[in-house]
Amino acid sequence: DVGDCAVRLYAVLLRYGNTTGARMPARTTLAARLHKKSVDTVDRALAELVRLGAVQVENRFAGGQRLTNRYRIRTSRPGDHRPGPVTAIATAPGEGGGRTNAATPTDAARGGRTNRGRVAAPIGDDRESSTDTPPPPPPPQKASRGVRASRREDCNRQWRARQSDLLAACGIDDQGSWHDYADQVRQARRNAGQPLTRWSPAHLLAALDLAVRGRGWPPDQATRALLQVASDPATRSPARLAEAGPWWDQPDPTEAQPAADVDLTALEVELDAVDGQRLALQRQARQQLTAERQPVTRLSVIQRAVELLHTSA
């Protein structure tokens, strides 16, 4: 003959006892677990359990300060008033003590763990109703600054390698030649009376990449075709290079003979034979080609450098 609230309070206290440690819940904590607005309901249910001998209450003090009560649950039959096994309740530390924080204390003997294990059925840990609040999941680990910097450097290295391969396929072997060629393209836009906003070296490189690698146009004709695209006043963006147009059909008028017939190796050997003059001759050759609005490629630079060598001789 036990009230409904008392049975529920007994179950809540058992659930506290199933956790680790020996901590004492406050009455307001028990009321919240029972979904009750008043702690008086907890007091009445606890007094009923105390009368039945199912629960014992111990008052606790620290330096004159009243603390929350320690509750001990008897796991033998409620009608059996002989000293039986008891178990301490465990939960997180509750609120501070007060006059109404403790139920009526009752003296009783403490039982052994073996009796409790024989009489009471084990209760599994239910995280949804457990008194122990599970710790929040750890925040996702962010890559350290050094790792992020290493990844950026890898991406930059891959892009530079891709850029070098593209320019080499187009006949531009070094950064100096590339910047001279970019200036030549931009000058063609100026001569056409058009703005240069979309004609930076980065835009030109992207246009070459799209035309050669994206659309499969021949790389040995790409630099000449881009110059023709830039010279057309109807052009709005260097990306026009990737489209089919007359700039891919016209032969290069600056070459006196097909590139396949030129022995580039022999020309380079001839330049290497001139001690310390090759770099200066190539620099002068690039300057002349740029001023003449001629394509600045490896072949055209070497040929012009050899011509300058013969002229000076």
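What percentage of the 313 residues in the protein chain do buried residues make up? Buried residues make up 35% of them, where buried means under 20% relative accessible area, exposed means over 50%, and partly exposed is in between (1.4 Å probe, protein chains only).

Before the tour begins, note that this is a predicted model, in which local features need pLDDT of at least 70 and side-chain atom pairs count only at pLDDT 80 or more, while totals for chains, interfaces and linings use all residues. Residues are numbered from 1 along each chain as its sequence is written, and side-chain values use heavy atoms, with hydrogens and water left out.

**The whole chain**

Show the chain as a cartoon, and 11 helices and five strands come into view; these are DSSP runs numbered from the N terminus, with helices being H or I of at least four residues and strands E of at least two. Among the contacts (heavy atoms within 4.5 Å) with a separation of 6 or more, 66% are between residues 24 or more positions apart.

**Helix 7 and its cover**

Next select residues 201-214, which form helix 7. Its 14 residues reach 18 Å from the first C-alpha to the last, close to the 20 Å expected at 1.5 Å a residue, the expected span being 1.5 Å times one less than the number of residues. Following helix 7 is Gly216, with a positive phi near 80°.

Centre the view on Leu241, and leave aside its neighbours within four places in sequence: among its contacts are Ala207, Leu208 and Ala211, together with Trp217, Leu226, Trp247 and Trp248.

**Charged pairs**

A search of the whole structure finds 15 salt bridges, each being a side-chain nitrogen of Lys or Arg within 4 Å of a carboxyl oxygen of Asp or Glu. Select Glu153, Asp154, Arg157 and Arg160, which are linked in a network of salt bridges. Within this group, Arg160 and Glu153 meet at 3.1 Å, N to O; Arg160 counts as partly exposed at 41% relative accessibility, and Glu153 is partly exposed at 34%.

Move on to Glu268 in helix 9 (residues 264-272), which forms a salt bridge with Arg278, the closest N and O atoms being 3.7 Å apart. This pair links distant parts of the chain, with Arg278 lying in helix 10 (residues 278-291), 10 residues apart from Glu268. Glu268 counts as buried because its relative accessibility is 16%, and, leaving aside neighbours within four places in sequence, Glu268 is in contact with Arg278, Arg298 and Ile302.

Finish at Arg304 and Glu307, a salt bridge whose closest N and O atoms are 3.4 Å apart. These two residues are separated by about one helical turn, because they are three residues apart in helix 11 (residues 298-312). Arg304 counts as buried at 15% relative accessibility, whereas Glu307 is partly exposed at 45%.
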